[in-house]
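Let us walk through this fold together, one piece at a time. Keep the model open beside the text as you read.

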Amino acid sequence: MEVIDDWPQARTDPGAASTGAASRGVARPAALAHGAAVSLAAALSRFDPPVLTLHCYEDVGLRWIALTFDSTVIAPSVVLRAGDGLARLLTPAVLRFSSLRPRAVVYLLDEIPAGAAGAGDPAAGDRLPASRYGITLKELRASRVAGW
């Protein structure tokens, strides 16, 4: 599996200007530190269908995970199974499903879920909330398509 880690390294200086959760006054879980992609890849190392690439990147102030699979068209059930494998390592951040493609699935991390300390804080800047880009795995399971 090819692992691409474009998550920026967390700054240790609390007064330093940075993007992401640190600038919003939210402590990043250890799982989200620079280099976490290797742990995420290990969690999916025996996944079926095989994961071809795991790409971790940050855009619009949010962290994203894109998985591509070494198979023909993947079944929608892959979204929940792969998401469950990743979500365990990302707590307390909430993994949200964003999109399913024929050979790929995209998730994003909600590092400030609704109801958490700091949620709705003006320090979050002008970025849209993660809920605008995806739904939680729990919401997906409860949806009409849960029979995937």
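Leucine 54 touches Met1, Glu2, Val3, Ile4, Ala37, Leu40, Ala41, Leu44, Ile65, Ala66, Leu67 and Leu86, leaving aside residues up to four places away in sequence; contact here means heavy atoms within 4.5 Å. Apart from it lies another core, of six residues, which include Leu62, Trp64, Val106 and Ala130. A nonpolar core is a set of buried Ala, Val, Leu, Ile, Met, Phe, Trp, Tyr and Cys residues joined through side-chain atoms within 4.5 Å. Buried means under 20% relative accessible area, exposed over 50%, and partly exposed in between (1.4 Å probe, protein chains only).

Before going on, note that this is a predicted model, in which local features need pLDDT of at least 70 and side-chain atom pairs count only at pLDDT 80 or more, while totals for chains, interfaces and linings use all residues. Residues are numbered from 1 along each chain as its sequence is written, and side-chain values use heavy atoms, with hydrogens and water left out.

The largest nonpolar core has 26 residues, and those with the most contacts inside it are Leu54, Ile65, Leu67, Leu86 and Tyr107. Two or more residues each come from α1 (36-43), β2 (51-59), β3 (62-69), α2 (77-90), β4 (94-101), β5 (104-110) and α3 (137-142). Of these, α2 gives the most, with six residues. Helices (H or I, at least four residues) and strands (E, at least two) are DSSP runs, numbered from the N terminus.

Now look at the sheet. Six strands form an open sheet in the order β1-β2-β3-β5-β4-β6, with mixed pairing; two strands pair if DSSP finds at least two bridges between them. β1 (2-5) and β6 (135-136) stand at the edges with a single partner strand each, so one side of each is left without a neighbour in the sheet. β4 and β6 run antiparallel and are joined by two bridges, with phenylalanine 97 opposite isoleucine 135 in β6. β4 and β5 are also antiparallel, joined by seven bridges, and they form a hairpin with two residues between them. In this pair, arginine 101 stands opposite alanine 104 in β5.

How does α2 sit against these strands? It lies across β2, β3, β4 and β5, running at about 35° to β5 (axes are lines fitted to C-alpha atoms, for helices over the stretch in contact, and angles run from 0 to 180 degrees between N-to-C directions). The buried residues of α2 are Val78, Val79, Leu80, Ala82, Gly83, Gly85, Leu86 and Leu90, and what covers them includes α1, β2, β3, β4, β5 and α3. α2 also bends by about 30° at aspartate 84, the bend being the angle between axes fitted to the seven residues ending there and the seven starting there.

Finally, visit the loops. A cis peptide bond, with omega about 10°, joins aspartate 48 and proline 49, and proline 49 lies in the loop between α1 and β2. Another cis peptide bond joins threonine 91 and proline 92, with omega about 15°; proline 92 is in the loop between α2 and β4. Valine 60, in the loop between β2 and β3, has a positive phi near 50°, and is partly exposed, with a relative accessible area of 39%.
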